[in-house]
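User: Got a model here. Can you walk me through some helix packing and ring geometry?

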Amino acid sequence: MPASRNLLVTLVLPAFLIFAVPYFLVGGRLDFLGSMSESWVRMLGLPLFTVGVGLVVAGAYSAATSAGVSTGASGLNKYMRNPILLGVLIAVAAQYLLYDWPPVIAYLVVLFVVADCLIRLVVEPRLVERLGAAYQSYLDTVPRWLPKLPARGV
């Protein structure tokens, strides 16, 4: 994959999905910081947002440093198949907590359904076709959405 396309997929698109779309959906208001004390649930939004963005950045770094690994089984991809997308979903969910604005939760649901369908019906079948048994084995052992915790050494 060319470097410019890799940058687009790993950083620009997630940033657009996290920042631009919810900003548009809430009508450009950024008043959540003034209402943080209204609810303990809202106070969970900011750390959760930080976790989501951190997962996107860590996933992008992992993708950039494991470009030569054909099965994607390095970095964060050893534990889950879609760390960047999970980070996007967590960050959007956090924005719902911050803004308490129904269009953001509707966007989260649509985003998850569309992403899951694309991954299951387009991306993974193409990668199995291109990479063969090694990628099929990766699909069989690494979960799609929830991270697999590393085994503890004894």
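Analyst: Here are the notes on packing and aromatic pairs. The model is predicted: local features need pLDDT of at least 70, side-chain atom pairs count only at pLDDT 80 or more, and totals for chains, interfaces and linings use all residues. Residues are numbered from 1 along each chain as its sequence is written, and side-chain values use heavy atoms, without hydrogens and water.

User: At what angle do H3 and H4 pack?

Analyst: About 165°, with the axes 8 Å apart. H3 covers residues 83–99 and H4 covers 102–131. So H3 is roughly antiparallel to H4 (over 145 degrees; under 35 is roughly parallel, 65 to 115 roughly perpendicular, the rest oblique).

User: Which residues make the contact?

Analyst: Among them, Leu85, Val88 and Tyr96 of H3, and Leu108, Phe112 and Ile119 of H4. Contact means heavy atoms within 4.5 Å. By class, there are 15 nonpolar, one polar and no charged residues.

User: Switching to rings. How many aromatic pairs?

Analyst: Three. Ring centres must lie within 6.5 Å; planes under 30 degrees apart are stacked, over 60 edge-to-face, the rest tilted. Phe112 and Trp145 are tilted, at 5.2 Å centre to centre and 50° between the planes. Phe112 sits in H4 and Trp145 in the segment after H5 (133–141), 33 residues apart.

User: Is Trp145 buried or exposed?

Analyst: Buried, at 12% relative accessible area (buried is under 20%, exposed over 50%, partly exposed in between, with a 1.4 Å probe and protein chains only). Phe112 is partly exposed at 34%.

User: What about Tyr135 and Tyr138?

Analyst: Their ring centres are 5.4 Å apart with planes at 50°, so that pair is tilted. Tyr135 is buried at 8%, and Tyr138 is buried at 4%.

How values were computed: Axes fitted to C-alpha atoms, helices over the stretch in contact; angles between N-to-C directions. Helix = DSSP H or I, 4+ residues; strand = E, 2+ residues; numbered from the N terminus. Nonpolar A, V, L, I, M, F, W, Y, C, P; charged D, E, K, R; others polar. Phe/Tyr/Trp six-rings, centres within 6.5 Å; stacked < 30°, edge-to-face > 60°.
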